[in-house]
Amino acid sequence: MKGPENVLLVVDVQNDFMPGGALAVPHGDEIVPIVNRLAAGFEHVVLTQDWHPHDHLSFATNHAGRQPFETTTLSYGEQVLWPAHCVQGTAGAALHAGLEVVRARLVIRKGYRREVDSYSAFVEADRKTSTGLAGYLHELGVTRVWCCGLATDYCVAWSALDARAAGFEVVLVEDACRAIDLDGSLERAWQQLDAAGVARLSAEQALARG
Ligand code: VGL
Ligand code: ZN
């Protein structure tokens, strides 16, 4: 079991990101048993939950005449317009029922302000507003963040990059993630992750590393 300097960050394993969900990530459900196996190897597990108000500005439906997967400009810059997803309190926003999370200590809910999206678990899309997660982890003596969940190229990548920026060692557990892959987003994410020094391992390799 990985000790107190390690945390497993489980990103957005929610119904709306599963096949059939509002913003389905292809094969997103395949990660659930892998994440469960991984989580059993960690003393410290933190979850994130995408948690938008119904009038959130990342939703195409809240911009007249705009379609999902187009981009627009918000106060902080470019924003992809998504199908409405993970609306606060809905079944789509709930964590996947098969996720074994009784031992998770903290759930970070993000994207809850109408005007600002938050792919990252650490810093909102305005790139200024902290969620408090870095401070929480530093205060508990965590030095290494292991990332998994959905989607590789959005919320997982942004969280991993921000964890690096906050001074943590970061490992992305590749087979415990699945991607949206919109217009080359996965390739771009890997380039940024590699450049930032984010390590990649399989779940099996991750668990084998004491
Ligand atoms: C995500 C798009 C919009 C994610 C969340 O979890 O990767 N992607 N909201
Ligand atoms: Zn979202």
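Predicted model: local features only at pLDDT ≥ 70, side-chain atom pairs only at ≥ 80, totals over all residues.
I began with the backbone of Cys155: one of its polar atoms is 3.0 Å from an oxygen atom of ligand 1.

Next I checked how much of ligand 1 stays uncovered. Taken alone, ligand 1 exposes 250 Å², and the protein buries 100% of that. I also looked up where ligand 1 sits, and the place is the largest cavity.

Then I went through the neighbours. Around ligand 1 I found residues including Phe17, Leu23, Trp82, Tyr119 and Ile180. I sorted the shell by type and got nine nonpolar residues, one polar and two charged.

I noted a backbone N or O atom of Ala151 at 3.0 Å from an oxygen atom of ligand 1.

Which residues hold the zinc ion (ligand 2)? I listed Asp50 through OD, and His52 and His85 through NE2, at 2.0 to 2.2 Å. His85 also belongs to the surroundings of ligand 1, as does Asp50.

Last, I looked at the geometry of the zinc ion (ligand 2). Its four donor atoms make angles of 87 to 172°, and the site is irregular.

Terms used
Residues numbered from 1 in each chain as written. Chains lettered and ligands numbered in written order. Heavy atoms only, no water. Near = heavy atom within 4 Å. Polar contact = N/O pair within 3.5 Å; in protein donor to acceptor, adjacent residues only side chain to side chain. Areas by Shrake-Rupley, 256 points an atom, 1.4 Å probe, with all protein chains shown as cover. 1 Å grid on protein atoms, 1.4 Å probe; cavity = no way out; pocket = protein on both sides within 12 Å on 5 of 7 lines; lining within 4 Å. Sits in = over half its atoms within 2 Å of the grid points. Nonpolar A, V, L, I, M, F, W, Y, C, P; charged D, E, K, R; others polar. Donors = N, O, S within 2.8 Å, 3.2 Å for Na, K, Ca; no water. Tetrahedral: all angles 85-135°; square planar, octahedral: opposite > 155°, others 65-115°.
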